[in-house]
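Open the structure in your viewer and keep the sequence panel beside it. We will go from stop to stop, selecting a few residues each time.

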Amino acid sequence: MSLRAPPSSTSSSCSLFPLCPGLHSASRARLPLSVAFPTRIVRCSLLQDQVSVNGGAGSRVSDRNELRLGLPSKGRMADDTLDLLKDCQLSVRKVNPRQYVADIPQLSNLEVWFQRPKDIVRKLLSGDLDLGIVGLDIVSEYGQGSEDLILVHDSLNFGDCHLSIAIPKYGIFENINSMDELARMPQWTAEKPLRVATGFTYLGPKFMREKGLKHVVFSTADGALEAAPAMGIADAILDLVSSGTTLRENNLKEIEGGVVLESQAVLVASKKSLVHRKGLLDTTHEIIERLEAHLRAVGQFTVVANMRGNSPDEVAERVLSQPSLAGLQGPTVSPVFCKRDGEVVVDYYAIVICVPKKELYKSVQQLRAIGGSGVLVSPLTYIFDEETPRWQELLGKLGL
């Protein structure tokens, strides 16, 4: 990512500079309108035009034959990604734990490359990767709105968090509880701007500009941002929040309107690769199918019960009279054959329905109430639709 200085005629005072303990409250009043460090100046009013993405302008489709999927190399996101793929029968095979390349036996001609999340996005833009699984926050920060990045699946059900502004609970911020109140504080001037510590140097200035804060300066930092206000090197932070416990333990609070982005793990692809790289679209289709089938089945149970009745229609009517027994598309009713006095007869019908976990016990009670017995319950592993909607959405984005 390169950040270029806008023309000097700009009147905005939103700037970006490396986090520096020397820039405390005593010295920041003497800062000029824009604080300049080599190649690290940003003014909010020109953010959209002045920010470029590393590799974005020259992204290409290389001549390689193999397909490449980028996965996080370490941390909780990496573990959860591998667990999800395993649950979809797409286990990653890594011969040597020190290697950064692996494969998925079920997907021929696909290489798996373990990378830092931000490098996955950068290499999607440069054409060195075709697919990647990362957090939406990383896609938004390092993709910077590039039209060559397509969200193939925007809800992989792990890595949930949100990017949010947090301010101290004490001092001049004690009674500040919203972004509007923060923006109206008289303390922020061109000479003494609001100082925000963050690792999100694209999303941060963009958000502040949208919220109408004119006098803001951003300090680039990674990790342990919660200490910055207490140390006097920032007034606020912009960081990822999961439970909020770390903020509370450091006397920080989120404020109304301060959430920049809701994030979770997503499957993202290079549009150029999807269109031009042979075999990638078919492989992507299979990955989507497997992901959707597994994720839709999470928390769903198959319930089977026997029920006396005079006909399938009569039994089905009884079942459908109960609100939680409709299943995905309705109950399956099948005759249960038994032999009595030398003849094959039907006394019972088997009922098969799919119910969510939260409705499980209620559904079993309702089945019993209408004559169900011998109730069997088993978790679902996959639910395959006739065609997954996300595949159709992807084809629409590609104009196919």
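**Stop 1**

Start by selecting β16 and strand β17 (residues 343-356), which pair in the antiparallel sense over nine bridges. Before going on, a word on what you are looking at: this is a predicted model, in which local features need pLDDT of at least 70, side-chain atom pairs count only at pLDDT 80 or more, and totals for chains, interfaces and linings use all residues. Residues are numbered from 1 along each chain as its sequence is written, and side-chain values use heavy atoms, with hydrogens and water left out.

Helices (H or I, at least four residues) and strands (E, at least two) are DSSP runs, numbered from the N terminus. Two strands pair if DSSP finds at least two bridges between them. Strands of a sheet pair through backbone hydrogen bonds, either parallel or antiparallel.

Now click on K339 and look across to β17: V344 stands opposite. Then bring in β18, which runs antiparallel to β15 and is joined to β15 by six bridges. Select N306 to find S373 of β18 opposite.

With these four strands shown, you have an open sheet in the order β16-β17-β15-β18, with antiparallel pairing. Which strands are at the edges? They are β16 (332-340) and β18 (372-379), each pairing on one side only. Neighbouring strands of this sheet are turned by 25 degrees against each other on average, direction ignored. For such angles, axes are lines fitted to C-alpha atoms, for helices over the stretch in contact, and angles run from 0 to 180 degrees between N-to-C directions.

**Stop 2: the six-stranded sheet**

Move on to the open sheet of six strands, ordered β5-β6-β4-β7-β14-β8, where the pairing is mixed. Its edge strands are β5 (101-103) and β8 (149-153), and each pairs on one side only. On average, neighbouring strands of this sheet are turned by 35 degrees against each other, direction ignored.

Zoom in on strand β7 (residues 131-135) and strand β14 (residues 265-270), an antiparallel pair with five bridges. Select I133 and you will find its bridge partner in β14, L267.

α5 lies across β7, β8 and β14, running at about 105 degrees to β7. Helix α11 (residues 280-297) also packs on the sheet, touching β4 (67-72), β7, β8 and β14, and its direction makes about 40 degrees with that of β8. Contact here means heavy atoms within 4.5 Å.

**Stop 3: two helix pairs**

Two packed helices are described by the angle between their axes and the distance between the axes. Select helix α4 (residues 117-126) and helix α5 (residues 136-143): they pack at an angle of about 50 degrees, with their axes 9 Å apart. That makes α4 oblique to α5 (angles under 35 degrees count as roughly parallel, over 145 as roughly antiparallel, 65 to 115 as roughly perpendicular and the rest as oblique). Show side chains for P117, K118, V121, R122 and L125 of α4, and for I138, V139, Y142 and G143 of α5, to see the contact.

For the second pair, select α11 and helix α14 (residues 389-398), whose axes come within 10 Å and cross at roughly 145 degrees. In this contact, L281, T284, H285, I288 and E292 of α11 meet R390, W391, L394, L395 and L398 of α14.

**Last stop: a ring pair**

Finally, select F173 and W188. Their ring centres are 6.0 Å apart and their planes at 20 degrees, so the pair is stacked (rings of Phe, Tyr and Trp, its six-membered ring, pair if their centres lie within 6.5 Å; planes under 30 degrees apart count as stacked, over 60 as edge-to-face and the rest as tilted). F173 is in the loop between β9 (161-168) and α6 (179-184), while W188 is in the loop between α6 and β10 (194-198), 15 residues apart.
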